[in-house]
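Here is a guided walk through a structure with several chains. Take a look at it before reading on.

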Amino acid sequence: MKKELIELRVNGLTHELAIEPSALLLDVLRRDLDLTGSKRGCDDSSCGACTVLVDGTPMLACTLLAFSCEGQEITTVEGISEHGSLAAIQKAYGDWGGAQCGYCTPGFMITVKHLLTVNPDPTEEEIRSALSGNLCRCTGYTQMYAAIKAAIEAEKKGMATLK
Amino acid sequence: MSLPGFKLLRPRTTAEAIALLAQHAGNIRILAGGTDLLPSMQQKLFAPQYLLDLRRIAELKGIRRQRDGAVDIGAVEIGALTALTDIEHSDLLRRHFSVLPDAAKTIASPVLRNMGTIGGNICLDTRCLWYNQSLQWRKSCGFCIKKDGDLCHVAPGGTKCWAAFSGDTPAALLCLDAEIEIASAAGIRRVKLAEFYTGLGDNYRKLAADELLTRVFLPASSAGHRGVYRKLRVRGSIDYPLAGVAVVLKQSNGHIEDVRVALTAVNPAPVLVKGATELLAGRRMTEEWAEAAGVLAAQTAKPLTTSALTPEYRREMIRVFTKHAVFSLATET
Amino acid sequence: MTNDYSIIGKSIAMIDAAGKTTGSGKYTDDLSLPGMLYGKILHSPHPHARIKSIDTSRAERLDGVVAVITGKDAPNPFGILPVGHDEHALALEKVRYVGDNVACVAAVSEAIAEKALEMIAVDYELLPAYFDPEESMKTETNLIHDNKPNNLEKDYHHVFGDPEKAFAEADYIAEGRFLANEVSHAAMEPHCTLASFELDPHTGTLGRLTVWSSTQVPYYLQHKLALVLEMPMSQIRVIKPLVGGGFGGKSEVIPIEIIAGIAARAAQKPVKITYTREEVFWAHRGRPRTIVDLKTAVKNDGIITAVKARVVQDGGAYCSYGVVTILYSGALLGALYDIPNIQYDGYRVLTNKPACGAMRGHGTVNVRFAFESQLDEIAAKLKMDPAEIRRRNLLKPPCITINGLRVQSYGLPECIDQIVTRSRWNERKGKLPRGRGLGIACSHYVSGAANSIIRSDMPHSTVNIKIDRDGGVVIYTGASDIGQGSDTMVAQVAAETLGCTLSRVKVVAADTDLTPIDIGSYSSRVTFMNGNATLRAAQEVKKQIAAAAAKKMNCVPEEILFRNDRLTCGDGSLTRPSLTRPGGAEIRSESATVSGRVEGQILRGSLQQKRKEEGPKDSMTFEEAVVAAIDFHGALSGTGSYAPPPEARGGKHKGAGVGPSPAYSYSAQVAEVSVDEDTGQVTVHKVWAAHDCGRALNPVSVEGQVIGSVWMGMGQALTEEMIWKDGLLMNPGLLEYRSPSSVESPEVEAIIVESIDPEGPFGAKEASEGSLAATIPAIANAIYDAVGIRLRESPFTPERVLAALRAKRSAKPLNLTEGVDPTAPTKFREHGGELCFKGKGPKRHEFDPARQPAHPGGAD
């Protein structure tokens, strides 16, 4: 199929791209925009490694056509660090062992970021439930919960100093 | 695995969508959430010339009370493109049609519920381990009757496809006596969801090539039933159902007035268990009657080796889940 | 446990953590090169067939296709073991499993490559295929490999002590058959390889090859590439970028890695191949499904007197690590408990299925499931506490087991004590409400195989350290970090030894051009062996720095304390040594000369110049000391290497090379489960896992490894199973191969036990494999405690659990498990039970070659 022009907004920047209508968002992010943070781990929309935010909602970039996202704001893992430094959740994942091989981590970063946006103080059960669309094969998830709790604490402290 | 090439059509209105469907009928497939279609297309199960992307049609989204003038008539309509997450979290549905959000919250995983739609869940392709595989894999088994072949590996010698309907919400919707609205260039028709499915694994739904599912209606008569959905799966997330039971129930003065039981993932269509109301209406719930309802449901289930876990186990779970569901709905306060 | 280290023993983030959490870290599939092509592989649709012909001409003519390769393009056989060179990158004469590699297309896009695959016509002659290992062992014709009679890859028959006598004198003998179904690594990153040739600057022909690959074994990959491509090893550079999990699935050379090299050579362009998830399952190398016939003899006091095990492994179509796997299954019957008499009969069988290989807990897991389950049965029979029976059979190290394994550090007793206390075992075991139970089990694993795959006296690990004037410490290590944190481990070991901050340390790892040989990340060898090599390299550099610093500070080098980025002479209480070296001043002026001659111009006004004017002092910064040492030595580098000591390399019997290790890790676990008696669903609520890792170099990382290991064991115990039908894998995806999600994953409490191994770096041993094996029997034993059923087939799926429950209460039998009794299984079940039906072969698909025009000149 012939390529067509598309304007895609990713991490706050608008990109004009020529892509095939059948191109998946994940391939466009990785190949056309060199945003390789989002990963492909499966072929049946089951693993969550490619999770990105589309207008603030987590979605699988491997199961979206890039063209379907025209006019929407896409945020990838590369777009969630704050002010050039690690967001609290990214730092906590490192400190608490939330990431081992790291391949699933970008997907988790997006999922956790969204969780804390809609529910700043989740219970452990809510965390488990929110994370259940992202598979990890290294950690057994346990250390992620500690990381998320630590990130929440850090955020609270940060807020306290601002006040 | 790459997608086969196609032309993407992105209408902004239902009318536009219907016109495009009429224009390309037979060479077009409808893309809503994409969570079923796009993986299937990568497996080369479909290679349409056109893909009709509904994502931009705002009028197909949303959960609304139906009104007659200014009067709330107790019924609800749901746009076919409403995300499953929105069904799951809808206060309106939770209050009046709780079995539906109860089923919706079990679908796949949170991120897939953000993408998947109620219309897509109703129209979900039937599934089978011999069918939902890559082209390369399917070649290895000589293909199957549902796609590219003339054999069934599940019921050898048969000419019928037994792929299992594996949506969760249709079981709930059947219990709620839901209707769906189907639009085409020829006009709009409204059918009971129970009549939408054929019971065949391959040609599993009655939706013509130029038709679009646009809305789902929940009647006032089903509002206020207590309901529950029980799903058999191996993991607590991600998995399609291996068996599913939806039950709604209404009592008065401690006696059962109305009970509906519907099954999914154990037949080529979601099915209402016939005779459940007749069995239980007017009775006071006991373990024995719950057991009888379970046995009746299990008789309706016809699971085959289309998925993981043995058919006999899946049928047994239909019995167990139904028994527990009717008993707890009738006895818990 | 407290220690006086400043970096070792402290929980720190992995040094590459930020790259992972920000998405900036690069895995192989994240790389691309100008002009790069995409490779796609054609796989066999048949489990066993002879290739009569392959016609690639139509595929070659497709626009966008640059090269199509088949087995003839690189026919040399290879395999990870020297005794198992039975694989070809692409099939030569035969295909041996559904998914076997037949041809590869390199094209400008994946879509074009996929389209071209459909245009390759392969004519097969079908052969009888073998799927059940015990059936396969009986066959004499149509062998999978002509040189392997009865499709037997290898069998071993070991007798240690006098088992017959012990069984004759036993008070009680337990006997049973256990089945463990097949599982796979399912690392989140699918295998990927990018291969690129440079043009030779002299001849203009293809010169050196660089391969980036998701591998645990860059050195072996370099070796096998050289073998198959017929190139000198020195002309091949293997680079391991970040690897998204291995678990053994990337611990040998996978066909994709060679195919990419062949394709790049044929296309004369860089070629990248990334497996689909389905291809990952076909490449497999996972844990073979295993039959364990186990017999244990005990005395009435619970003392084990003999064990007899017959193990049959369904190895799939190629050797892979199979010979090692079947040996581990027997060898590691020893070294956990004191077992004086052992008989072992192991059979590694070939079948027409994807090759099995090494997976976390290699060879030990399924036998441990059987053993620890049977030990639980024995405890019940003897009315003995299951924790107590384990305590009664402990080894008394230091010792050498009956099968020749040397055991030194042995934290198992403390592991058992810890979990018994933490789980409140004594108060709660047997006293929980119906349907809820506790189970205990133990396991162990090697801290590196004492003998390398390719037998030689070569060190198993070598590490170089370079320190330059910038004060940066660069470690060159061949260790392959696959997410377990080996880069961080070497940085910690070096920084601790040199007393510098971790931020000074940069790790250059796993690049065969830059880093000295390390044989790879497998057999849990990296911390022990590469850690020791790093320690030695760092000590060597430290010695050089100390020598120079001693002159500056006018003290003896041995008294200098390296810590917190400072060198301090003595501990402050020491007086300045009386040692006055007459040449001291001279040497200082000599070093000034060196410095002045070489770098006088640029160094004017620098630290060094200033320092020269100062007299001796009590302490120096690390940077000052480094500069002094460079001034003194001219260059600052150190090399360390490690090879296991001869006394740890095992006995002399055939197969004695597998099992010995310089040290063993130990684990004891208690699992708490509940069983729904209506549905058979098992819920694991919590696992207490105590792991003896020698010393925890980085506790948060050790805990992560232990938790991950336990969790993966739980997956094998409850949800994971490769489902087969006539050699077809029915669940080749993460949707149907059920790696647990967060919802059903239990809390795992990791408890670190430090036995301080005498030979490990800072006393450390392995942490990431030894815990897996105990989890499966701990869960099985907990199910027994909860509802009184003994499951002898894993995984304990709800259908199996329910079938056992119904049988126990003599309920009306339902055919829940299609004829296989999960409490007394005899053979593996095919998907759909005994239903035997095969398709007639490809027929209708539009891409089917049979439908294409017969004449090859058809329009494409």
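What radius of gyration would a compact globule of 333 residues have, and what does chain B have? The rule puts the globule near 20 Å, and chain B has 20 Å, which agrees. Keep in mind that this is a predicted model.

Stay with chain B for a moment. Its C-alpha trace spans about 60 × 55 × 35 Å along the principal axes. Chain B holds twelve helices and twelve strands. Of its 333 residues, 64% are buried. A residue counts as buried here if 20 or more other C-beta atoms lie within 10 Å of its own.

Two helices of chain B deserve a separate look. Two packed helices are described by the angle between their axes and the distance between the axes. In chain B, helix H11 covers residues 287-300 and helix H12 covers residues 311-331. They pack at an angle of about 145°. Their axes are 7 Å apart. The crossing of H11(B) past H12(B) is right-handed.

Which residues meet where H11(B) and H12(B) pack? From H11(B) come Glu287(B), Ala290(B), Glu291(B), Ala293(B), Gly294(B), Val295(B), Ala297(B) and Ala298(B). From H12(B) come Arg315(B), Ile318(B), Arg319(B), Val320(B), Thr322(B), Lys323(B), Val326(B) and Phe327(B). Sorted by class, this helix contact has nine nonpolar, two polar and five charged residues. Gly294(B) in H11(B) and Thr322(B) in H12(B) belong to the polar class.

Next comes chain A. Chain A has five helices and five strands. Read from the N terminus, the elements run β-β-α-β-β-β-α-α-α-α. The C-alpha trace of chain A spans about 50 × 35 × 25 Å along its principal axes. For 163 residues, a compact globule would have a radius of gyration near 15 Å. Chain A has 16 Å, which agrees. Buried residues make up 63% of the 163 residues of chain A. Contacts in chain A can be sorted by sequence separation too. Among those between residues at least 6 apart, 57% join residues at least 24 apart.

How do chains A and B meet? Chain B puts 22 residues into the contact, and chain A puts in 24 residues. On chain B, the elements that give two or more residues to this side are strand E1 (7-9), helix H2 (37-42) and helix H6 (110-115). H6(B) gives the most, with five residues. The chain B side divides into eleven nonpolar, eight polar and three charged residues.

Chain A also touches chain C. How many residues of each chain are in contact? Chain C has 46 residues in contact with 42 residues of chain A. Elements of chain C that give two or more residues to this side are helix H1 (17-21), helix H8 (277-283), helix H19 (699-718) and strand E30 (747-753). H19(C) supplies the largest share, eight residues. By class, the chain C side has 20 nonpolar, 18 polar and eight charged residues.

Now turn to chain C itself. Chain C has 21 helices and 31 strands. Its radius of gyration is 29 Å, close to the 29 Å that the globule rule gives for 860 residues, so chain C is as compact as a globular protein of that length. Along the principal axes, its C-alpha atoms fill a box of roughly 95 × 80 × 50 Å. Of the 860 residues in chain C, 63% are buried. Among contacts in chain C with a separation of 6 or more, 80% are between residues 24 or more positions apart.

Which domains does the assignment give for chain C? Domain 1 takes in 31-127 + 189-244 + 250-284 + 842-851. Domain 2 takes in 149-184 + 285-451 + 649-808. Domain 3 is 461-642.

The last stop is the meeting of domains 1 and 2 of chain C. Their C-alpha centres lie 37 Å apart. Domain 1 has 21 residues in contact with 26 residues of domain 2. The domain 1 side of this contact has nine nonpolar, six polar and six charged residues.

How values were computed
Residues numbered from 1 in each chain as written. Chains lettered and ligands numbered in written order. Predicted model: local features only at pLDDT ≥ 70, side-chain atom pairs only at ≥ 80, totals over all residues. Contact = placed C-beta atoms within 7 Å. Helix = DSSP H or I, 4+ residues; strand = E, 2+ residues; numbered from the N terminus. Axes fitted to C-alpha atoms, helices over the stretch in contact; angles between N-to-C directions. Left-handed = near helix turned anticlockwise from the far one by under 90°. Domains from an automatic or database assignment. Rg over C-alpha atoms; globule rule 2.2 N^0.38 Å. Buried ≥ 20, exposed ≤ 12 C-beta atoms within 10 Å, placed from the backbone.
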